[in-house]
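Please open the model in the viewer and display the side chains.

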Amino acid sequence: MREGVDFVRGNALLVTMATCVGVWQMCNQAAMVIQILFATRQLGLTERGVGLSYVMLGVGTVLASANGHRVVRRLGPGPTLVLGFAVSGTGWLLLSIAPLNALGVAAYALMLMMFGVGAVFIFINFLSLRQSVTPGPMLGRMTSTMRWLILIPAGPGALLGGWLGEHLGLRFALGFAGSTALLLSLIAWRRPVIRSITTLPTLKAEAVTPYSAD
């Protein structure tokens, strides 16, 4: 574990991505714990209506998976990662201001589709980038370190979303998740270590040798 932490800590790209995706996970959990409550209590959707709405999550995932390579080829993996933050954040923010009628139901389905698109853009590039800068012998330790780093904020995010929804309203919790994700995308875009990555990095020859803690 210590070797994994030391390796991640010594790579600016890994540290930046862990921080950004961790904050996004906080936003995701804050929205996730209350979005079905918003759909059922505010929009009046039945169990069937919620299930049908989630079809759009699959649609967004398939669309992004089928066309993501074109987006990456045009923008690069770093900017596409940032785009994923912005797309999902826009979906949450859109739902927070949706009217309580048929347009609101459409906004709920659209939010799920945008989440599917955003999540694919985020994690396909997040996984590709972190593996491209890691020597083979360190992949397992790097993966376990990055996993717990990005999931640490998930629990507090879920608690915060529930607290905001209970005390300030479900719309406020969604607005918090959406605005924070959009702010994250702006900050991430201003980080050259992410914005400048237009192709996957390649390891230097000396970095491919087996890792030694010594």
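**A tour of selected residues**

Begin by selecting arginine 130, which lies in helix α6; helices are DSSP runs of H or I with at least four residues, numbered from the N terminus. This is a predicted model, in which local features need pLDDT of at least 70 and side-chain atom pairs count only at pLDDT 80 or more, while totals for chains, interfaces and linings use all residues. Residues are numbered from 1 along each chain as its sequence is written, and side-chain values use heavy atoms, without hydrogens and water.

Arginine 130 is buried but has no salt bridge, and the nearest side chain of opposite charge, glutamate 3, is 17 Å away. Buried means under 20% relative accessible area, exposed over 50%, and partly exposed in between (1.4 Å probe, protein chains only). A salt bridge places a side-chain nitrogen of Lys or Arg within 4 Å of a carboxyl oxygen of Asp or Glu; for charge, Lys and Arg count as positive and Asp and Glu as negative, with His and the chain ends not counted.

Next, select glutamate 3, whose side chain meets that of arginine 141 in a salt bridge (2.0 Å, N to O). This pair links distant parts of the chain, 138 residues apart: arginine 141 is in helix α7 (residues 139-151) and glutamate 3 in helix α1 (residues 2-9). Glutamate 3 is partly exposed at 23%, and arginine 141 is partly exposed at 28% relative accessibility.

Finally, select arginine 9 and aspartate 6, which form a salt bridge with their closest N and O atoms 2.6 Å apart. Arginine 9 is exposed, at 60% relative accessibility.

How values were computed:
Helices (H or I, at least four residues) and strands (E, at least two) are DSSP runs, numbered from the N terminus.
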